[in-house]
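This report describes how two chains are arranged, how they meet, and where selected residues sit. Please read it alongside the sequence and the coordinates shown here.

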Number of protein chains: 2
Amino acid sequence: MIAVDWGTSSLRGARLDEAGRVLEEKSAPLGILNVPNGDFAGVFAVQFSDWMRPAGSVCLISGMAGSRQGWVEAPYVACPAGPDELRRRLHWIEPGRIALVPGLSDEQGDVPDVMRGEEVQIFGAMRLAGLSEGLFVLPGTHSKWATVRDGRVIGFRTFMTGEFYGLLSQHSILARTLEADAPLDEAVFLRGAAHAGNGEGPLHNAFGVRTLALFGRLSPPESASYLSGLLIGEELRLQELPSDREVIAIGTPALTARYSLALRQRNVVVRTFGAEATWAGLRALQA
Amino acid sequence: MIAVDWGTSSLRGARLDEAGRVLEEKSAPLGILNVPNGDFAGVFAVQFSDWMRPAGSVCLISGMAGSRQGWVEAPYVACPAGPDELRRRLHWIEPGRIALVPGLSDEQGDVPDVMRGEEVQIFGAMRLAGLSEGLFVLPGTHSKWATVRDGRVIGFRTFMTGEFYGLLSQHSILARTLEADAPLDEAVFLRGAAHAGNGEGPLHNAFGVRTLALFGRLSPPESASYLSGLLIGEELRLQELPSDREVIAIGTPALTARYSLALRQRNVVVRTFGAEATWAGLRALQA
């Protein structure tokens, strides 16, 4: 089986054996926004035709390739939804050979929410962790928090935490006294995360990054860690965190490390997964 | 008396008679960031030397001209502070002739907050309205909410609402489906303001602007009004709004109109003031 995660900025694939073990991986900076002339079939052939040669090869593709801006639109599946619902709604490009995995949608108070790709990571982490319920966080430009019961995502919400960090640290007045790419200062990060607990929200608390710098209480590298803590702390403040069980964090090590720090500050146990969750999730959809 | 409001992007002045009536006004795009070679004395002379010619002329200058990046730093006066405290701490550039008005600082949970210029507008509006207490909002790039008792500002908080609107509408993913300079659609604005009452915060609610557009439920011009409503609604959600008395809004007509709409939605009575509050406030500091 060939598992492909085709996102906005990159294309990653893995060749799996019968048991789901990764035999080979590859990645290219050919995200859906970088596909020449929208020739998704051509890019796919160049990248994966050798892997697809053996008879009976099947490829499932998750991520933004199934969006309106992607190869073909695979309409969102409404929550609650689990692997069974997604499997039934796979969008076959070549029947039995190549399919796009649909994303999930959820509706809260007349406002829809969407994810594409994260649902596969959630189902993969469930399989790897042997879980059929729990609270999942997928940190990123647009972080997702999903609640799983009986093996299905019953609801989720998006938080633009990573994007807000980029906007504030690079384009706002805070940029004047902030070193955006400074290494993480854990103590200052946790100070910011704790401060978000005041419930005053980012419109107010972000201005504190400016005033603390003006008053000489935060250096430019510290300001970056403090702002990151403020925003991730705000995201956590808005969750109903389980006091009795763990949260599953799925993402890059740098990001899941920050979320783990802030979650542990609130006495929540964290278990983390990386890229392996994607491959396990795509495998779960085939099996 | 000459009253001057020297801000970040513009320089405005008024010549007042003995009774405080405005005889003449002028303005120039010579905010503190646009003063050639930092020659504040030179710019001041060119703009106001004719007005300052009569013997006994006094000029008070409020705004960012008194900041570290301005003419001379006039250190912040800590809350609680009223016109008496500011008058005692005027920073005289030419004794008895030209002075900078200090800004105010406040401290909440080890994080300082600051304003420069808005304190003068508050004292001016108090004088014009005949009030010695109340809740004041000064909408803008960095909105201020100040509580006044016995004629003094006892505390205030800043909200980066205008700056967040600019960042999200111009630099974020929302910009793709949002017409930032569209005229206000009041119904859609109020829908956004009401939605902010869900308490989910802008990290989550801002993503709704994207999904509502993706699902065809907000047009690009509507998205601008909805986002504006979401952010102003969030700002209002974080205030303890008086159910029994009015809020005083001071600012440009376009902005105070938006805040008035959102406040009336919450059954709060609003009274608005514009530039006249600045002149009355500077006059109150002299008298």
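This is a predicted model: local features need pLDDT of at least 70, side-chain atom pairs count only at pLDDT 80 or more; totals for chains, interfaces and linings use all residues.

Residues are numbered from 1 along each chain as its sequence is written, and chains are lettered from A and ligands numbered from 1 in the order in which they are written.

## The chain A fold

Chain A holds nine helices and 14 strands, these being DSSP runs (helices H or I of at least four residues, strands E of at least two) numbered from the N terminus. Its radius of gyration is 20 Å, close to the 19 Å that the globule rule gives for 287 residues, so chain A is as compact as a globular protein of that length; the radius is taken over C-alpha atoms, and the rule is 2.2 Å times the number of residues to the power 0.38. Along the principal axes, the C-alpha atoms of chain A fill a box of roughly 65 × 45 × 40 Å.

Of the 287 residues in chain A, 49% are buried, a class that requires 20 or more other C-beta atoms within 10 Å of the residue's own, whereas 12 or fewer make a residue exposed and values in between make it partly exposed, with C-beta atoms placed from the backbone. Among the contacts in chain A with a separation of 6 or more, 66% join residues 24 or more positions apart, a contact being two residues whose C-beta atoms, placed from the backbone, lie within 7 Å.

## The interface

The contact between the chains takes 32 residues from chain A and 33 residues from chain B. On the side of chain A that touches chain B, the elements giving two or more residues are strands S9 (111-115) and S12 (152-159) together with helices H4 (161-171), H6 (201-214) and H7 (220-237), and H6(A) gives the most, with nine residues. By class, this side has 15 nonpolar, 11 polar and six charged residues, where Ala, Val, Leu, Ile, Met, Phe, Trp, Tyr, Cys and Pro count as nonpolar, Asp, Glu, Lys and Arg as charged, and the others, Gly among them, as polar. Because 100% of the interface residues of chain A are also interface residues in chain B, the copies meet through the same surface.

In helix H4 (residues 161-171) of chain B lies B:Leu167, which is buried, with 21 other C-beta atoms within 10 Å. Leaving aside neighbours within four places in sequence, B:Leu167 is in contact with A:Leu167, A:His171, A:Ser172 and B:Ser172.

Beyond neighbours within four places in sequence, the contacts of A:Leu227 include A:Tyr165, A:Leu168, A:Ala206 and A:Val209.
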